[in-house]
Every structure is written in C-alpha cells, then in structure tokens.
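I opened the notebook to record what I looked up in this structure.

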Amino acid sequence: MQAKKRYLILLSAGACLVLLFYLGGIQLPATSRSRHGRGRNGYRPDQPWPHFSDPLHPFLPWDQTDNEEYNLHISPRQKRDVNTSVYKGKRCRMDSCFDFSLCQKNGFKVYVYPQQKGEKISESYQNILSTIEGSRFYTSDPGQACLFVLSLDTLDRDQLSPQYVHNLKTKVQNLPLWNDGRNHLIFNLYSGTWPDYTEDLGFDIGQAMLAKASISTENFRPNFDVSIPLFSKEHPRTGGERGYLKYNSIPPFRKYMLVFKGKRYLTGIGSDTRNALYHVHNAEDVVLLTTCKHGKDWQKHKDARCDKDNAEYDKYDYKEMLHNSTFCLVPRGRRLGSFRFLEALQAACVPVMLSNGWELPFSEIIDWNTAAVIGDERLLLQIPTTVRSIHQDKILSLRQQTQFLWEAYFSSVEKIVLTTLEIIQDRVLEHSSRSSLMWNSHPGGLFALPQYSGYLGDFPFYYATLGIKPYPKFTAVIHAVSPLVSQSQPILKLLAAVAKSQYCAQIIVLWNCDKPLPAKHRWPATSVPVIVIEGENKVMSSRFLPYETIVTDAVLSLDEDTVLTTTEVDFAFTVWQSFPERIVGYPARSHFWDSNKERWGYTSKWTNDYSMVLTGAAIYHRYYHYLYTNYLPTSLKNMVDQLANCEDILMNFLVSAVTKLPPIKVTQKKQYKETMMGQVRQSLFNCSLVFLPPLLHSRQSSRASRWADPDHFAQRQTCMNKFASWFGAMPLVHSQMRLDPVLFKDQVSILRKKYRDIERL
C-alpha cells in the first residue's frame, strides 16, 4: 500500500513538472536567448566582445525590470497608463501606419503646424522647426504635405521640467489634421520623470512616428521610429565646429587610453554602472571620474566614497581629458542616452558604449561598429583589456569615422533634423533610397541624393572607392547674355577654340539674352554638335540647371567673353580627370575675414592664395548642377537671380561644403597677367584697386561689363556673408597649389613641351 502511495506521489510530481515545462513556467538554460542578437544592419551589443563567454542571464532593459525598487515607485495604475501610451502603437510600421498616397502627388513635403498664441517653445524645438521650414522639404500648404510636424513643444516630457507642456494630450487631439497621428513625426529628447524615467511621453502618440533620444530597443519600432542623439540647448542650429582629428598626429595614441568624467548616481536607475567605475580607474591611463555633487540633497545620500571621488574629480579638466584620450567611456545616465556621446564623437575620442538596450542614433543607416566600441555593462571589468588589444590601425580608422559621422550628421541641430527627414524620405521613396555606402562614407547621405542616380559611379566622390574613372569627354556650356551682332564677337572665337579640343563631346549655348535666338546659320560650323537652348526665365541660376542634354560627366562652364585656347582647354580637362570631385579652372578668387567689420570679405587681388575658381572658365562634375538645383534653398537661388550676381560664388560654396577641399587652379598664359595688371579699374572699393579678372575681356556690347560696376563687387561681399550664414560656417578652403603643364617654364626646346602653346602669345 505504501509503495502504491509513493508511486502515485511520484507520478503526480512528474506530471506537474511536465505541465510547468509545457506552460513555460520553467525555462531550460539551453533555450535561453539574448534579445540583443538582432540581425538588422544596426549595432549588436555583443559583437565587439567575441572572446568572452557570457554565462549570465539575458539582460533586461531597466524599463522592463520587475524588481523591488521599480515596483516601489510605480503603482499598478501607473504601469497600465505607461503601457497604454508607450505600446499602443507598438506594431506600427510604414506599411500599416503610414499613408503613402499623401506623398505620391507632390513628393516628400513636410508641413509644420502654425504656432499657437500663448504656447511656449524652447529654443531647441524652435531650432528644429526653423530647420524644417528652411529646408527643401517644407511646404506651407497642408494639402501638399506627406509628413506633419507639431508646433507644440514635445522635446521635454519630464513633468518636473520647466519646459514641460501641460495638457498636451487635449491640445494634440484637438488638432484638425491629427488623424490619430498618422503621417506625423514627433521629436522628443526627454521622457519620463524621477524616479522611474519611463519612456512615456504623457500623451497618446497614436500612429505617429517618434524621432526620440534615449529610446530602448524594446520600444523602438524598426523602420518606423528614428533614434536621434541627445543634444544640449547649446548645440548650434547650423554649421557646428569641426572635429578635432586634424590636431592629432599618427600613431593615434594619446595621453590617456580611456576616460570618463560625470555624475555618480548613488541610488536608482543608472546607478549600477557608474557606481562600479572606480574598480577600473587607475589614475594613469584609465581615468574614470565621478562626483556625488549634484542635486539639492546629495549630502543626505552620500556614501563613504563620495568625499574621495569628489576630490579626485576636481583635479582633472574635462576638455583636456576629452581631447587627449584614445577612448571615451559613454555609460548610461538616468536615461539611456548621454551628452558624452556627441562630445566624444567631436573630440575624435572613440566612444565605448555602456548602455545596454539603447538603440544607437540613426542605427537604421549608420554602421556603428566602424566608429565605436559597443560594450556590455555586465563586462565592465574587461573593458581596459579589450581597448588595449585594439590595433593602432583600427584605432585610426575608428577615429576617422567618428569625424566623418560628426560632421555629416551630428554637428548641428540642422544636420540631425535633416538626417531624420532623409531617412524617412528613403522609406517613402524606397525605389530610390540610399545605399549603406552612401550613408557611411564621405560625403554622407545629405549630399548624395539618390534621386539623381541609383548607380554610385554617377557620383564624383565614389570614383576612387569603385576604382573607376570619369567619362573622357566634356560638355561645354557657354552662358550667353549679349545679342549676336558681329562675327568677331568673343563667343564665336570661343566656340571655335573649344570645338577643336580632342576631349569635347558637344557645346551647349545657354541663351539668357533678352533678344531672340539667332538663326542657325549665324553660328560657326564645328566638328562637334552645337546646341542652343533658352535659359529658364533668363536668370543666372539657369546656367546650373541639370539639363538632360548634358550627357558627359564633365561640364566646362564658360562665360561668353572668356578667352581660352584649345590647348588651355585640353590641359584643364586633363587636370580635372585626376580631381573629378572638385572645381578645376583658371580665374581664382579668395575670401578673408575682416576683423574690423566682423564679416567675410571677397578679394580679387593677385596673390598666390585662393579659395574659389570662378565658373566663367571652370570644369566640374555635372552632379553639382543637380545638387545646386535640388539641395540649395530657394532663398539663396532667388538672391542670385535678383542680383544677377554671385552664382559662381554659391557654386564654390556648395562644392567645398561637399568635398571639404579647395578647388584646383591651373596655369594661365603668362601674357594674361602681364596685360591685365595694366588694365586698372577706374572704380575703387574700400581703397583697394580692383583689376580685371583674367580670361575676361570687355563685352562688345554698348553696355559696360558688370565687372566694372562697383556695386557688383559690393554685392559679392554681401553674398559671401549670406551664403556663410546659411551653411552655418565658412566652407571655403584656402589653397596655394597651382598646376602647370610639365616643363611649362623650363628652358628647354619648345618641341619637348606637351602644352607648348600655353607659353606662347
């Protein structure tokens, strides 16, 4: 009988165990999987640590941890409210919560709600809205919009913050175009509040997309939300400072190997990692400093280490550490993101990420494994050994990529916002979206417009990467503004000289003259096709339109009164083939900073220094026509057209902003300089003589050349400052390099010179 009872007990226990396994009450160790092993082309927190076994249980992000401390501060009702607001649209994706039909008619256009009276807007959010309104995506007509952005400030949703906007739920729901958030984009930097710091925004976002800082992988909706970096209110709206790599030498090792300086949280969320940093700090090449001095009542919570930590903290200057360290630790704070992230990128200090569960900024497009070390908070003690084992070649590569990413996407609010919009546009126009190479290599996705071409070989800055060369012919585009009244006019001589070039494929005459087009028989017969087209609205910007008739990679841009020989054309094109991403040409100019007037100045003085090559006689890639037309704002192009001036300066600004390099000046015939130096202008500007530009002679028409007009020069000064203001910084780069033909001035037989006509009269 006893044996029968024992048998029944064992049988019942076995049945219970089987039932528990079946219902998932007990999880077998063999089936445990980390939620971080994501197959997307984003970051993988476990990837940079391949040599370490990980016997620990899968890490749960802090906002999902069901521990005693978490439950101490949040009620069941609060949990329910948070889950409702954060996860209601959890399954939203572009194909389920975005109306593509709104984008089919007018393309990707963004509408910003008009600001409501009495509503306060933070400076940071105003910068975001101003960037959108000044971009090529903006439309003031909601009927043409594909995407909608609120004028209500949603950046700071911490209820304890003075920037917190109250009653946002009601205000949003009352918007006539809200439509449950469909096709809306919401920007947010801070969510949740003390002590739990959840990702709740305090209102139902419906089907809206989030451009959010400190977003977790658990709440991030792939290919729908956009993870943005946490930036301070001091972050510049446009431009931004360049990175610091240029101040460093090779090999890439610095004074410190690994540094950090920041707050130490004694309790609560984010305290675990920062409280453990002292275990790794050695006060030599690994300097990890924390302080308890923050908050109003920090002394009430101070521990035995606080006084020592505070004293050590005050010994070091943060900027000195930042700019003299190879790696910078970026641990999570109360929220997953940190200001240290952008600071490290700018300083060319390779970020070592310690924020498990953080969806890194722009992870959809950026391969962070090429610019950062993605660590694991559970393996803190192994970090010094890991970073010391990285080869110096890899360190240099990582640091170079930090500089590229900083300048391409993070150095200003404008770049952060435009990158966000470009990512969404790529989703909407998936057939013409950018490749990973476009996003992760110079000059970056903001300058590589996929609507131009889906083939990388059509962009000048990818030739070296692809190992290809540009098409060995050019199209000459001659800008004509004077009527054709004589067969001896410079434009006809120029046509003949250019047509004789062995590299010329065709000549386009852009007729921007008010007089009717001349008859075909008025143009000289040439061995290459001559196409005459009328300029659109007869404005200056029409010379840079992406005309379909331009079939070559290279464009030789010419003013009608330019004087060039066939040899000079051939030589300039030969030089351009080695520098296809730059402007190559003859007439050079320079810019300078006028400290007295605190503005940029423009000069045409004869010096060895230059920063611009004017498009009156220059060669560049045809892609810059497309970029000029589609990237630059209408306001700048309208300014050029109204002044009938400065289009050449604007093109130089654009190309230098893309390449971060100066143009290339090629040599000119000696007589040009000797002749032009004698032709002194009668007009003066700021008591300095202004000379005729090389290669430009007086027009044959009765009206005076615009170059002789003193207002013309003053306008160019104004243009310089207007352009610099829009770009956010001065993109032009000075150079003293001039390329001459081989043996140009050597005292050898003229027969040995390939470009011997350049030295002749």
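Predicted model: local features only at pLDDT ≥ 70, side-chain atom pairs only at ≥ 80, totals over all residues.

Entry: cavities. I found nine cavities of 30 Å³ or more in the structure. Which residues line the second largest cavity? I listed Val259, Phe260, Lys261, Tyr318, Met321, Leu322, Cys328, Leu329, Arg340 and Ala344. By class, the lining divides into eight nonpolar, no polar and two charged residues. I then looked up where the lining comes from: strand 8 (256-263), helix 11 (318-322), strand 10 (325-331) and helix 12 (340-346) each give at least two residues to it.

Entry: valine 352. I located valine 352 in strand 11, residues 350-354. Is valine 352 buried or exposed? Its relative accessibility is 0%, so I count valine 352 as buried. With neighbours within four places in sequence left aside, I find valine 352 in contact with Leu258, Phe327, Cys328, Leu329, Val330, Val373, Ile383 and Val387. For one of these, valine 387, I looked up the separation: it lies 35 residues from valine 352 along the chain, and the two C-alpha atoms are 8.8 Å apart.

Entry: helix 6. In helix 6 (residues 123-133) I noted Ser124, Tyr125, Asn127, Ile128, Leu129, Thr131 and Ile132 as the buried residues. Their cover includes strand 1 (110-112), strand 2 (147-149), strand 4 (184-188) and helix 15 (413-428).

Entry: I traced an open sheet of eight strands with mixed pairing, in the order 15-14-13-16-21-17-22-25. Strand 15 (530-534) and strand 25 (738-739) are at the edges with a single partner strand each, so one side of each has no neighbour in the sheet. Tryptophan 511 has glutamate 534 in strand 15 as its bridge partner.

Entry: helices across the sheet. I checked helix 19 (residues 566-576), which lies across strand 13 (474-480), strand 16 (554-559), strand 17 (584-585), strand 21 (617-621), strand 22 (664-666) and strand 25. Helix 19 runs at about 30° to strand 21. Helix 20 (residues 623-630) lies across strand 16 and strand 21, and I noted its angle to strand 21 as about 85°.

Definitions and conventions: Residues numbered from 1 in each chain as written. Heavy atoms only, no water. 1 Å grid on protein atoms, 1.4 Å probe; cavity = no way out; pocket = protein on both sides within 12 Å on 5 of 7 lines; lining within 4 Å. Points joined across faces, edges and corners; volume = space filled by probe spheres on them. Helix = DSSP H or I, 4+ residues; strand = E, 2+ residues; numbered from the N terminus. Nonpolar A, V, L, I, M, F, W, Y, C, P; charged D, E, K, R; others polar. Buried < 20%, exposed > 50% of the residue type's maximum accessible area, 1.4 Å probe, protein only. Contact = heavy atoms within 4.5 Å. Pairing = 2+ DSSP bridges. Axes fitted to C-alpha atoms, helices over the stretch in contact; angles between N-to-C directions.
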